[in-house]
Amino acid sequence: MKSKTKLKIVVYAISKNESAFVDRWYESMKEADEIYVLDTGSTDDTVEKLKSLGVNVSSEIITPWRFDVARNKSLDLVPLDTDICVCTDLDEVLEGGWRKKLESSWNNSNRMRYKYNWAIDENNNPIITFLYEKIHDRHHYKWIYPVHEVLDCSLDNEVVSVNENIVLNHYPDRTKSRSSYLPLLELSVQENPNNDRNLHYLGREYMYYKEWNKSIDTLLKHINLSTSTWKEERSASMRFISRCYLNLNRKEEAKYWCKRAIEESPKQREGYVELALIEFDEANYLEVIINCLKAKTILKNEMIYINEPFCWDSTIDDLLSISYYNLGLKDEAIYYVNRALEYDKDNERIKANKEIFES
């Protein structure tokens, strides 16, 4: 019989051709009481490797493919007496000691938010970090949406705890195709045409595919929805519209939408930096300086998924150094080129600029 003070914690996941990640993933997940994986059609030795490590594995082909269906079928594998379910993917790694941190902060919660390093550089430094929420109780959740799936809670008063000391790191397989995302996002919007989140994702995906006009139309639908109230995401849609216009060589409209993005969310660096990049391309160096200095007054990088790495690396100082140099302000140029090198000390172009500015 389970102790009243001991929580039963179970990890669950889906897999397909993840052999290269199995050992690393298992080592980070083995603090759980049990681990369950639904394999959706591996042709390598993923299933055999998982079973050899004692993981409970079931196999099922999901046709037509939907991430929410696969997640729900993997959740169905989790025993009903489980207290806490931890959903991860095999290209993710939980930092050690996560179980004790989870137990100490659960406090009869329904869901836990924790730190997710979605993008990590070659030196294992986080580039994009935000709060994730795929840890939940066993009985009040199901997965929804064909892609970019989320947990839907059946409770009216969901209790959510936060522990940023629980850290999940993402090491994606760059060889895997994401070609299924676009049709699945289109399906998501067909099923829920007034879902602001899915419209934003679909508009962004059209942008990735260089479908500039489709992206603009979809993102405009997003920001015009009455349910579209998250200012940071609305601002991101406006920035993506700006990028589309820039690629259509309509720079004034690109600038207009960057300015709209800034007005929508003035405490984010992203709008200022993207506007500075457009102005830089037109050699409007004073405008570059104005926008970069405004961006630098924003000191806190909020943990949200739409953060852009170029707002927190050498980009701003690099733009400032070149802009000051072109305006004949040598001391300022040298100051900012040295600041840029603090972020990116091996960048040959920035080092060459430093030599020019100092000569």
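Analyst: What follows goes through the sheet, then the helices on it, then the salt bridges.

The model is a predicted one. Its open sheet is formed by eight strands, and their order is E3-E2-E1-E4-E7-E6-E10-E5. The pairing in this sheet is mixed. At the edges stand strand E3 (56-59) and strand E5 (92-94). Each of these has a single partner strand, so one side of E3 and one side of E5 are left without a neighbour in the sheet. Neighbouring strands are turned against each other by 30° on average, with direction ignored.

Strand E4 (residues 84-87) pairs with strand E7 (residues 126-136) in the antiparallel sense, over two bridges. Here Val-86 stands opposite Ile-135, which belongs to E7.

Next come the helices. Helix H4 (residues 98-106) packs on the sheet and touches E1, E4, E5, strand E6 (111-120), E7 and E10. The direction of H4 makes about 165° with that of E10.

The charged pairs come next. The whole structure holds 35 salt bridges. In one of them, the side chains of Lys-8 and Asp-81 meet, with N to O at 2.9 Å. This pair links distant parts of the chain: Lys-8 is in the segment before E1, while Asp-81 is in the loop between helix H3 (67-76) and E4, and the two are 73 residues apart. How covered are the two partners? Lys-8 has a relative accessibility of 12%, so it counts as buried, the cut-off for buried being under 20%. Asp-81 has a relative accessible area of 46% and is therefore partly exposed.

A second salt bridge joins the side chains of Asp-89 and Arg-71, at 2.8 Å from N to O. Asp-89 is buried because its relative accessible area is 17%. Arg-71 is buried as well, with a value of 3%.

Some salt bridges form a network. Lys-6, Asp-33, Arg-99 and Glu-103 are linked in this way. Two of its members, Arg-99 and Glu-103, have numbers that fall within helix H4 (residues 98-106).

For comparison, here is a salt bridge between two helices. Arg-239 forms a salt bridge with Glu-274, and the closest N and O atoms are 2.7 Å apart. Arg-239 lies in helix H8 (residues 231-247) and Glu-274 in helix H10 (residues 270-281), so the pair ties together parts that are 35 residues apart in sequence. Arg-239 is buried, with a relative accessible area of 1%. Glu-274 is buried too, at 8%.

Last, a nonpolar part of the surface. Leu-286, Ile-290, Leu-327 and Leu-329 make a nonpolar surface patch of about 330 Å². Of these, Leu-329 lies in the loop between helix H12 (315-326) and helix H13 (330-343). Leu-329 counts as partly exposed because its relative accessibility is 35%.

Methods: Residues numbered from 1 in each chain as written. Predicted model: local features only at pLDDT ≥ 70, side-chain atom pairs only at ≥ 80, totals over all residues. Heavy atoms only, no water. Patch = residues over 30% accessible without salt bridge, like charges linked within 9 Å, V, L, I, M, F, W, Y side chains within 5 Å. Areas by Shrake-Rupley, 256 points an atom, 1.4 Å probe, with all protein chains shown as cover. Salt bridge = Lys/Arg side-chain N within 4 Å of Asp/Glu carboxyl O. Helix = DSSP H or I, 4+ residues; strand = E, 2+ residues; numbered from the N terminus. Buried < 20%, exposed > 50% of the residue type's maximum accessible area, 1.4 Å probe, protein only. Pairing = 2+ DSSP bridges. Axes fitted to C-alpha atoms, helices over the stretch in contact; angles between N-to-C directions. Contact = heavy atoms within 4.5 Å.
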